[in-house]
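Morning, everyone. The sequence and the model are coming up now.

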Amino acid sequence: APGIVPGPVPVLGISWLLVHLAFGVMFMAGIVVHVIKAPMIDPRQMWFDRRDWDQLVAGARYYLGLPHELPKPGKYAVSSKLFHVAIATLALIMIVTGISLGLDTLGWARVDQSWQRTQRLLHDFGSYGFLALVVGHVFWQLLKKRSQSKAMVTGTIDADTFAAHH
């Protein structure tokens, strides 16, 4: 219910809907940039392979308190790959439902109420999913060692940390 949120936007004569749609367009532009930029690195690093299943099972055993032996991950751990899949899935849900809702809201297409209700539910699910993943990601990153937290800013890790964990 954007109309209930007070703030400077209505005072400037801009509706919350247009602000929301503008952020949606920026979100989609960011996805396009990521899709173009990501393959320039090595896309196979984010693909699942046989070793990931061993790491996934060992990680599950670790969290369940069972005997385990955690293998060293490659550049990305299986948890990072799962996180990426979850973010990509939620992004797709948000984009498809956002476009559907936007077309109806702007009057460019007419959809029935049942379809609109489903789209809103999925759009809300996607936004709360994003919120949960971002909060969880920040929480887990803050728990890591200082050298790994520093890597989030610099994009590099020192040789000792790399040798110990990768």
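Tyr62 is found in helix H3; helices here are DSSP runs of H or I with at least four residues, strands are runs of E with at least two, and both are numbered from the N terminus. This is a predicted model, in which local features need pLDDT of at least 70, side-chain atom pairs count only at pLDDT 80 or more, and totals for chains, interfaces and linings use all residues. Residues are numbered from 1 along each chain as its sequence is written, and side-chain values use heavy atoms, with hydrogens and water left out.

Back to Tyr62. With a relative accessible area of 43%, Tyr62 is partly exposed. On that scale, buried is under 20% relative accessible area, exposed is over 50%, and partly exposed is in between, with a 1.4 Å probe and protein chains only.

Tyr62 belongs to a nonpolar surface patch, together with Tyr63, Leu70, Phe139, Trp140 and Leu143. The accessible area of these residues together is about 730 Å². Two elements give two or more residues to the patch: helix H3 (50-63) and helix H5 (113-143). Which of them gives the most to the nonpolar patch? H5 does, with three residues. For the cut-offs, a patch takes residues with over 30% relative accessible area and no salt bridge; nonpolar side chains, meaning Val, Leu, Ile, Met, Phe, Trp and Tyr, are joined within 5 Å, and like charges within 9 Å. The areas come from the Shrake-Rupley method with a 1.4 Å probe, and for residues only the protein chains shown count as cover.

Now the chain as a whole. It has seven helices and zero strands, so the pattern read along the sequence is simply α-α-α-α-α-α-α. Of the 166 residues, 17% are buried. The accessible surface comes to about 12600 Å², and 70% of that belongs to carbon and sulfur atoms. Taking contacts between residues at least 6 apart in sequence, 57% join residues at least 24 apart; contact means heavy atoms within 4.5 Å.

Next, helix H4, residues 78-105. H4 has 28 residues and reaches 40 Å from its first C-alpha to its last, close to the 40 Å expected at 1.5 Å a residue. The expected span is 1.5 Å times one less than the number of residues. The buried residues of H4 include Val78, Leu90, Ala91, Met94, Ile95 and Leu101, and also Lys81 and Asp104. Their cover includes helix H2 (16-37), H3 and H5.

How many does the structure hold? Two, where a salt bridge is a side-chain nitrogen of Lys or Arg within 4 Å of a carboxyl oxygen of Asp or Glu.

One is between Lys81 and Asp52, with the closest N and O atoms 2.9 Å apart. This pair links distant parts of the chain, since Lys81 is in helix H4 and Asp52 in helix H3, 29 residues apart. Lys81 is buried at a relative accessible area of 5%, and Asp52 is buried at 4%.

The other joins the side chains of Asp104 and Arg110, at 3.2 Å from N to O. Are these two residues buried or exposed? Asp104 counts as buried at 7% relative accessibility, whereas Arg110 counts as exposed at 71%. Asp104 is in helix H4. Neighbours within four places in sequence aside, Asp104 is in contact with Ala109, Arg110, Val111 and Gln116.

Finally, the residues on either side of Asp104. Leu103 also lies in helix H4 and is partly exposed, at 34%. Not counting residues up to four places away in sequence, Leu103 touches Trp108 and Ala109.

Thr105, again in helix H4, counts as partly exposed at 39%. A polar atom of the Thr105 side chain lies 2.8 Å from the backbone oxygen of Leu101. Thr105 and Leu17 are 88 residues apart in sequence, and their C-alpha atoms are 9.0 Å apart in space. After H4 comes Gly107, whose phi is positive, near 80°.

Terms used: Polar contact = N/O pair within 3.5 Å; in protein donor to acceptor, adjacent residues only side chain to side chain.
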